[in-house]
Amino acid sequence: MIHPDVSSQIRRTSDAPACVLSIQDITLGYAVAGQRAAAPVLSDFSLDLQAGEIIALLGPSGVGKSSLLRVLAGLQPSLAGEIRLGSARLTGPSPALGMVFQDPSLLPWLTLEENVAFGLDFRNQPKLDDATRRQRVQQAISEVGLLSARSRYPDELSGGMAQRASLARTLARAPQILLLDEPFSALDEVTRHEMQSLLLQIRSQHQAAAILVTHDIDEALLLADRILLIGGQPGRLIGQWSVGQPHPRDETADELTGLRVQILQTLRSARLPRPQ
């Protein structure tokens, strides 16, 4: 079902999932030499993320998509706006939000198992007893299908295995929300499809919500419950669509084909570069 009017609000019904993350009027920017004020890259951006929902953020480079994820992860401040995790205001890193980057960033001197455990030492992560810690690590490695490789070092892993290990490192922290910054873009087509399927399995198992930054319209259509298109200078929400087809999805289905056309038309009418 299409929602072309970006000013309209998605109203919650009595049986709808609860809102787990609320972003209100966020503005992001960076200091520019010779200017007193930071130049905004994303302006007055708002969204509500529902429990178990996957939202895909589409748009050209430079409109603040990845920066927004870093703000949510507590890695950089915003210029304005408010973020709420449930009913509490979010002002810094929280164990409820786990980020997965495009680069797996595994520590080369640690085994896969040690890299996954390393995430449990992050700041603000609750302290666990040894038994719980081991159980968390083993479960996360098992969920991404790497138990047989847990003693390998990063240089012994393929690109897909390294990205699975990165995802396991985040899963071991038991986040409520996954922040995914183009995590599959550097993978080959077959491995990328496997990782997309794995993400849907994890969403089903953990009932975790996710915000996925991607430049791939087809990836957004295959994974997301809602697609948000950001564009302009500074970036703003210029289009929003809901995808009603259940998973697994057929990329040739008429509904997805129609949505793809509408997204491309919105990009062109906004005179924005087409995502690659």
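The paragraphs below begin with the whole chain and then turn to its parts.

This is a predicted model, in which local features need pLDDT of at least 70 and side-chain atom pairs count only at pLDDT 80 or more, while totals for chains, interfaces and linings use all residues. Residues are numbered from 1 along each chain as its sequence is written, and side-chain values use heavy atoms, with hydrogens and water left out.

The secondary structure of the protein consists of seven helices and eleven strands. Of the 276 residues, 49% count as buried. Here buried means under 20% relative accessible area, exposed means over 50%, and partly exposed lies in between, with a 1.4 Å probe and protein chains only. The accessible surface comes to about 13,600 Å², and 50% of it belongs to carbon and sulfur atoms. Such areas come from the Shrake-Rupley method with a 1.4 Å probe, and for residues only the protein chains shown count as cover. Among contacts between residues at least 6 apart in sequence, 70% join residues at least 24 apart; a contact means heavy atoms within 4.5 Å.

One part of the fold is an open sheet of four strands in the order 3-2-5-6, with antiparallel pairing. Its edge strands, strand 3 (39-50) and strand 6 (88-89), each pair on one side only. Two strands are said to pair if DSSP finds at least two bridges between them. Strands of a sheet pair through backbone hydrogen bonds, either parallel or antiparallel. Within this sheet, strand 2 (residues 19-30) and strand 5 (residues 80-85) are joined in the antiparallel sense by five bridges, and Ile23 stands opposite Ile83 in strand 5. Helix 1 (residues 65-72) lies across strand 2, strand 3 and strand 5, and runs at about 120° to strand 2. For such angles, axes are lines fitted to C-alpha atoms, for helices over the stretch in contact, and the angles run from 0 to 180 degrees between N-to-C directions.

Parallel pairing is found elsewhere. Strand 8 pairs with strand 7 in the parallel sense over four bridges, and Met99 has Leu179 in strand 8 as its bridge partner. Strand 8 also pairs with strand 9 in the parallel sense, over five bridges, with Leu180 opposite Leu212 in strand 9. How many of the five residues of strand 8 are buried? Five of the five are. In a regular strand the side chains alternate between the two faces of the sheet. In strand 8, Ile177, Leu179 and Asp181 are buried on one side, and Leu178 and Leu180 on the other, so both faces are covered.

Strand 9 (residues 209-213) contains Ala210. This residue counts as buried because its relative accessibility is 3%. Not counting residues up to four places away in sequence, Ala210 touches Leu49, Glu53, Ile54, Ile55, Leu178 and Leu180. Ala210 and Glu53 are 157 residues apart in sequence, but their C-alpha atoms are 6.3 Å apart in space.

The expected span of a helix is 1.5 Å times one less than its number of residues. The 13 residues of helix 4 should therefore span 18 Å, and its end C-alpha atoms are 18 Å apart, which agrees. Eleven of its 13 residues are buried. What covers these buried residues includes strand 7 (97-100), helix 2 (112-118), helix 3 (130-143), strand 8 (177-181) and helix 5 (189-206). Ser166 belongs to helix 4 and is buried, with a relative accessible area of 2%. Leaving aside neighbours within four places in sequence, Ser166 is in contact with Val100, Pro104 and Leu106.

The nonpolar interior remains to be described. A nonpolar core is a set of buried Ala, Val, Leu, Ile, Met, Phe, Trp, Tyr and Cys residues joined through side-chain atoms within 4.5 Å. The largest one has 48 residues, of which Leu112, Val116, Leu167, Ile227 and Ile263 touch the most other members. Leaving aside neighbours within four places in sequence, Ile263 is in contact with Leu58, Ile217, Leu221, Ile227, Leu229 and Trp241. A second, separate core of 31 residues includes Leu21, Val71, Leu85 and Ile230.

How values were computed. Helix = DSSP H or I, 4+ residues; strand = E, 2+ residues; numbered from the N terminus.
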